[in-house]
Amino acid sequence: MTKIKDRNPIPAAIREQLIEIVTPKRYLDQVEELACYAYDAFWEEAMPDAVIFPKTAEEVSRILKIASLHKIPITGRGAGTSLCSASVPVKHGIVLCFSKMDKIIEVNTRDRYIIVQPGVINGDVQKALAPFGFFYPPDPGSMNIATIGGNIAQNAGGPRCLKYGVTMDYVLGMEVVLASGEIVTFGSRNVKDVTGYKLSSLFCGSEGTLGIITRAILKVVPLPETAKTLMVTFKDLDDSANAVSDIIGSGILPAAMELMDKFTLNAIEDSFGLGLDREAEGSLLIEIDGIKEACEQEMGKIIEKLKANNAVHIQESANDADRERLWTARRSAYGVFAKLAPDIVSEDVTVPVSQVPEMTRRIKQIAKAYGLTAGVLAHAGDGNMHPMIPADRSNEEEWTRVEKAFDEIFAAAADLGGTLSGEHGIGLAKARYLPLVMNQDSINLMTRIKQAIDPDNILNPGKFV
């Protein structure tokens, strides 16, 4: 674990200024309260000096002006589901928690947008849009917990991103408070807008290192008329990758193509008894959506491609309930792995689609070499892979082996022409691996951007820049 210095209480005079902005009820600084905000879904921990719950952009602005004046670190936090320590206050200071900024400001399906505060949960956006026949495509696995502000900060993806794209593709505009306390706005309500620099894209995925998002304008799209799902198993991982390439190469773009390896399939089957093929080396969960007639046509072509690539078993959902049952296998994987050991490391690398089988083999080989077990999930259609290793963090010797295994896994992804993250972000977890995929000039450019916008380095310091 990274060694973190002891926290320092906020000086009394500054504390009183901050409490005056948000009232005592929205200011926490007791140790037992702060402990709840010292971690996210990764394994690093660091205690903040205070936790503040703003309700407006104006409050955020006033807080940041004080923090800037006194060089107090600021870390934004949504629901704490980050898998790279992006919301862990590694330099202590103030955590700004956005659970009180959870309002849906406007739903406008005629003009295809929704405006939300950063603390709105992704799943609640879907619920608000559904009665109008619309949806917001980015669907991270934590969508029923994770907030839109966190999704934007990490540029979150999800199974649907194969067809629909990631968060950045749906951010039309945003309101951001800079380290100086200035409130700036980027973009607009318009689907087409090329006025000035595309700054919303710069801030999307910046992990809170450039500014604090206080409002977002998101593009929404009509719900598809129908959706169909297949669960397919293969005896050979190369067959699964060839099937993916053949399907996409034929002009069909499924909404999702999710791969699970043999170890993961068996772990899920042990827990749920879904009738999954225990002998399969890999499985694909494929979903298509759109107009009913088009889906039926596409499904026929997909099944042809699967059979041509030696699919062993093809199961098609008969109805919505059956479709949900098939998705249970994919959605339950993290929870199933969490039962295998006291801790689980779920990482995120991306490789070219053709390299998914080879990357899967390398993950297995690396884990075995360190006396570990690893399961693999992948968004197979775009090469985004999630190696998962169950382990015990309290066992120092085992944890050292886990860390060394991931050193090699990241190097393997880079060797195959891949990159360090497809959707989880870099944060603290992978900052030291940047030279594997970026030259020093590129890293220096990111540093200069950071210095220009946040010269005192108070916004989420200690992270990838």
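Contact here means heavy atoms within 4.5 Å. This is a predicted model, in which local features need pLDDT of at least 70, side-chain atom pairs count only at pLDDT 80 or more, and totals for chains, interfaces and linings use all residues. Residues are numbered from 1 along each chain as its sequence is written, and side-chain values use heavy atoms, with hydrogens and water left out.

**Overall build**

- The chain holds 15 helices and 19 strands. Helices (H or I, at least four residues) and strands (E, at least two) are DSSP runs, numbered from the N terminus.
- Its radius of gyration is 23 Å, close to the 23 Å that the globule rule gives for 465 residues, so the chain is as compact as a globular protein of that length. The radius is taken over C-alpha atoms, and the rule is 2.2 Å times the number of residues to the power 0.38.
- Along the principal axes, the C-alpha atoms fill a box of roughly 70 × 60 × 45 Å.
- Among contacts between residues at least 6 apart in sequence, 71% join residues at least 24 apart.

**Surface and charge**

- Of the 465 residues, 55% count as buried. Buried means under 20% relative accessible area, exposed over 50%, and partly exposed in between (1.4 Å probe, protein chains only).
- The accessible surface comes to about 19,800 Å², and 51% of this belongs to carbon and sulfur atoms. Areas come from the Shrake-Rupley method with a 1.4 Å probe; for residues, only the protein chains shown count as cover.
- There are 49 positive and 61 negative side chains, and the centres of the two sets lie 4 Å apart. Lys and Arg count as positive, Asp and Glu as negative; His and the chain ends are not counted. Each charge is placed at NZ of Lys, CZ of Arg, CG of Asp or CD of Glu.

**Aromatic cluster**

- Rings of Phe, Tyr and Trp (its six-membered ring) pair if their centres lie within 6.5 Å; planes under 30 degrees apart count as stacked, over 60 as edge-to-face and the rest as tilted. The count by this rule is seven aromatic pairs.
- One of them is Phe406 with Phe410, a tilted pair at 6.0 Å centre to centre and 35 degrees between the planes. The two sit four residues apart in helix H14 (residues 396–415), so about one helical turn separates them.
- Phe406 is buried at 3% relative accessible area, and Phe410 is buried at 2%.
- Phe410 also pairs with Tyr433: the centres are 4.5 Å apart and the planes at 55 degrees, so this pair is tilted. Tyr433 lies in the loop between H14 and helix H15 (440–453), so the pair ties together parts that are 23 residues apart in sequence.
- Ring pairs link Phe406, Phe410 and Tyr433 into a cluster.

**Strand S14**

- Ser283 lies in strand S14 (residues 282–290). Ser283 is buried, at 0% relative accessible area.
- Beyond neighbours within four places in sequence, Ser283 contacts Met231, Val232, Thr233, Glu258, Leu259, Met260 and Leu265.
- Ile286 is also in strand S14 and is buried at 1%.
- Ile286 and Thr229 are 57 residues apart in sequence, yet 5.6 Å apart C-alpha to C-alpha.
- Not counting residues up to four places away, Ile286 touches residues including Leu230, Ile247, Pro254 and Ile302.

**Positive phi**

- Most residues other than glycine have a negative phi.
- Ser85 has a positive phi near 65 degrees. Ser85 sits in the loop between strand S3 (74–77) and strand S4 (94–97), buried at 0%.
- Asn155 has a positive phi near 50 degrees. Asn155 lies in the loop between helix H5 (148–154) and helix H6 (161–164), and counts as buried at 17%.
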